[in-house]
Amino acid sequence: MGKPMLNPEPARVPSSRRTEGGLAARIWKHRKEYLAISPFYILFAVFGLFPIAFSMYLSFQKWDGIGRMSYNGLNNYRFMLTDPEFWRAVGNTLLIWIYSTIPMLFLALVVAFLLHSSFVRMRTLYRVGYFLPNVTSLVAVAIVFGTIFSNNYGLLNYTLNLLGLNSIEWLNRTWGIQLAISVMVIWRWAGYNAIIYLAGLQSIPTVLYEAAKIDGASGVQAFFRITVPNLRPIILFTLITSTIGGMQVFTEPQVLVGNDGGAGGGGLTIVLYLYREAFVHNYFGYGAAVGWGMFILIALFSIVNWLFVQGRPSHDQGVK
Amino acid sequence: MKARSILLHVGLTAGLLLSVFPFYWLLVMATRTTADIYSFPPKLWFGTKLGDNVSRVFENIDFFGAFWNTLFVATACAALVLFFDSLAGFTFAKFEFPGKKILFVLLLATMMAPAQLSLVPSFVIMAKLGWVGSFKALIIPGMANAFGIFWIRQYAQESVPSELLDAGRIDGCGFFRLYWNVALPILRPALSFLGAFTFIGAWNDYLWPLIILTDESKYTLQVALASLNGIYLSDYSMVIAGTLLAVIPLIVLFLFVSKQFISDIAAGAIKS
C-alpha cells in the first residue's frame, strides 16, 4: 500500500504526525477517494451480499411471504432433492444448454472465419446484421418464434410441407419445445459470439502467419498451430459465458409456453421452476433452497470448465 | 480466387438472412389481420393493416404509459451507472490509497456472485423497504456495478494522462473538479458504450420487473408485452404490432451506436 502517488496536499501534515497517526490518518486523508468508490460496495453489501446470507437463513424456513416464518429444518432441501419436477428442470436446462451451445459456438466460429477473410466486402453491414438479434428483447423474440414454431399454421411447418414432410406439433412435444428454445438462444447469441471470435482472430499478429509461411507450413498447419492455440482463451471465455447464461434461461420458455413449461414440462428450466415455486406458489423458503441448488449446479459446471482449461495448460501466450 | 469470394459471400449472406428474417417476419405479421397470421399457407408478404393494428394497440393498452415507464427506468439506470461507475473507475485508475488493490480484487470477485441465487431474498428485501411495485427496486440496486467500474478503469488508465491531472491540481481543482472537468470529457467514448449497454439491458430486462411491478400502470414494455401475449389470442395481430413498436426504438438506438458498440463488446470480452 506504499506511498500515495498523487497527493493533493502533501505539505500540510507534518511528517512526525503522519507516522503517529498511522493507517487511520492515511485513510482519513484519502476520504474523497473512498467516498468515490463507496457506492458500489454499499450497494453490493445491501443488495448482493446480504441477500445471499439471508437466502441461507430463508432456505431453512417455511414461509409464504405474508404470514409468520417457521423453522423447517432441512425439509426444503429434502423436498427439492425428491421432487421429480426439480430434476426434470435440471435435465431440461442441461439439454437446452447442450442443444444451443454446441451449434451456437460452432456457427459463430464459422461466421468469424468467413468474416475474417480479406475478400469480404461490406464487413460492417454483416457485423451489424449478425449482432442485431442480441439487442432485441427476449420477450419479443419469444413471441415471434412462437409463431414460427406454431403447432398448426407455423412457418416451420409450412416449410416442412413444401419439402414434402408432415407438420409437427412442435409446442405439444417436450423435445419440440426444447428445440424452439434452443433455436432462440442460438439465433440471439451466435452473432454475438462470432463478433468476439472475429476480434480474437484479428488480434493474432499476421507476422505469425507470415513466419509460418516462410517456414513452409501449410494453411491447415497454420490453423492448428497458430489460430487454434491463440483463440483458445477466447473460446473458453465464450464457453463460460454461455454456461452461465444457459443455466439461467427463463424468458424464452416463460413467454413461449407459460409458467409450467408447456407440454410434458419440456420448457421447465431451473429458473422458471424457481420463479414458479417462489412467486406463483409463494413458497419463499423453498424458493431460496432452490436458489442454492442452482448455485451448486453452476459451481459444479464452473469446476468442470476450469478442469477443462487445466487439462490442457499449454498456451498461456496469445490473446489476453 | 473469384469463385472462393462468391462462395464466401453466399455463405455470409445466408447467415445474414437468417439473422434478419425474424425482424422481417415480425414486420409482415404486423401488417396483417389475425386471420392472416393464423392462415395456412402463411402470408409471406406485407399486408395493409399496419395502421389498424397499431391503433388497436393504442386503444387497448396503455402503450405510451409502458413506453414512458421503460424509457424512464432505462434512462435512470444508464445515467446513474455512468455517474457512479465513472467516478469509481476513474478513482481506481488514477489515485493511490491504502487498500486499493484488495478493494479492486474484491470488486472483481463480486462479478462471480450468482444473481439468480438471491432472487427470493432480494424480493423480500424490496418488500421490507416498501419498494415492491416501485421503480426504485429496478434502478437503485444496479446503479453501480463491477463491470462498468472495471471498464472505465481500463479506459482511464490508458487515456487520462497523469500530467493533465497534475496541471489541474496546480490550477486549484479539487477531487471532484478533476473528475468532472478533466477526466469526464476524456472518458466519453467509454461512457457512450457503457451507457448504451446499460440502457439496452434495462430496456430488455424481464424477470426482475415481472416480479417487482405489481401495478399494471407501472409495467415496463417487456412485462406489458408478455401479459398481452397471454391474453389477446383472438387479436394476435395487435400483440404483434405491439411487439414491433416495442422493438423499434432499441433497433434505432442500436443502429446509431452499432459500429463502436460492437467493437467495444468484442474488446471487453478479449480484455476479460
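Predicted model: local features only at pLDDT ≥ 70, side-chain atom pairs only at ≥ 80, totals over all residues.
## Chain A as a whole

Chain A contains 13 helices and two strands. Of its 320 residues, 50% are buried. The accessible surface of chain A amounts to about 15,900 Å², and carbon and sulfur atoms account for 66% of that surface.

The contacts within chain A can also be described by separation along the sequence. When contacts between residues at least 6 apart in sequence are considered, 64% of them join residues at least 24 apart.

## A nonpolar patch on the surface

Five residues, Ile296(A), Leu300(A), Ile303(A), Trp306(A) and Leu307(A), form a nonpolar patch on the surface of the model. Together they have about 530 Å² of accessible area.

One of these residues, Trp306(A), is located in helix α13 of chain A, which covers residues 284–311.

## The interface between chains A and B

The two chains meet through 98 residues of chain B and 90 residues of chain A. Between them, chain B and chain A bury about 8,100 Å², and 80% of this area is on carbon and sulfur atoms. On the side of chain B that touches chain A, helix α14 (residues 236–271) of chain B gives the most, with 19 residues.

Which kinds of polar pairing occur between the chains? There are 14 residue pairs in polar contact between chain B and chain A, with both residues at pLDDT 80 or more. The number of salt bridges between chain B and chain A, however, is zero.

## Salt bridges within chain A

Over all chains, the count is eight salt bridges. One of them joins the side chains of Arg88(A) and Glu85(A), with a distance of 3.0 Å from N to O. Both residues belong to helix α4 (residues 84–116) of chain A, where they are three residues apart, about one turn of the helix. Arg88(A) is partly exposed, with a relative accessible area of 37%, and Glu85(A) is also partly exposed, at 23%.

A further salt bridge connects the side chains of Arg276(A) and Asp260(A), at 3.1 Å from N to O. This pair links distant parts of the chain, 16 residues apart: Arg276(A) is in helix α12 (residues 270–280) of chain A, while Asp260(A) is in the loop between α11 (251–257) and α12 of chain A. Arg276(A) is buried, because its relative accessible area is 5% and the limit for this class is under 20%. Both pairs take part in a network of salt bridges that links Glu85(A), Arg88(A), Asp260(A), Arg276(A) and Glu277(A).

## A salt bridge within chain B

In chain B, the side chains of Arg56(B) and Asp235(B) meet in a salt bridge of 2.8 Å, N to O. Why does this pair tie together separate parts of the sequence? Arg56(B) lies in helix α3 (residues 50–60) of chain B, and Asp235(B) lies in the loop between α13 (221–231) and α14 of chain B, so the pair ties together parts that are 179 residues apart in sequence.

The two partners fall into separate accessibility classes. Arg56(B) has 22% relative accessibility and counts as partly exposed, whereas Asp235(B), at 14%, counts as buried.

Methods: Residues numbered from 1 in each chain as written. Chains lettered and ligands numbered in written order. Heavy atoms only, no water. Patch = residues over 30% accessible without salt bridge, like charges linked within 9 Å, V, L, I, M, F, W, Y side chains within 5 Å. Areas by Shrake-Rupley, 256 points an atom, 1.4 Å probe, with all protein chains shown as cover. Salt bridge = Lys/Arg side-chain N within 4 Å of Asp/Glu carboxyl O. Helix = DSSP H or I, 4+ residues; strand = E, 2+ residues; numbered from the N terminus. Contact = heavy atoms within 4.5 Å. Buried area = accessible area lost by both parts, 1.4 Å probe. Polar contact = N/O pair within 3.5 Å; in protein donor to acceptor, adjacent residues only side chain to side chain. Buried < 20%, exposed > 50% of the residue type's maximum accessible area, 1.4 Å probe, protein only.
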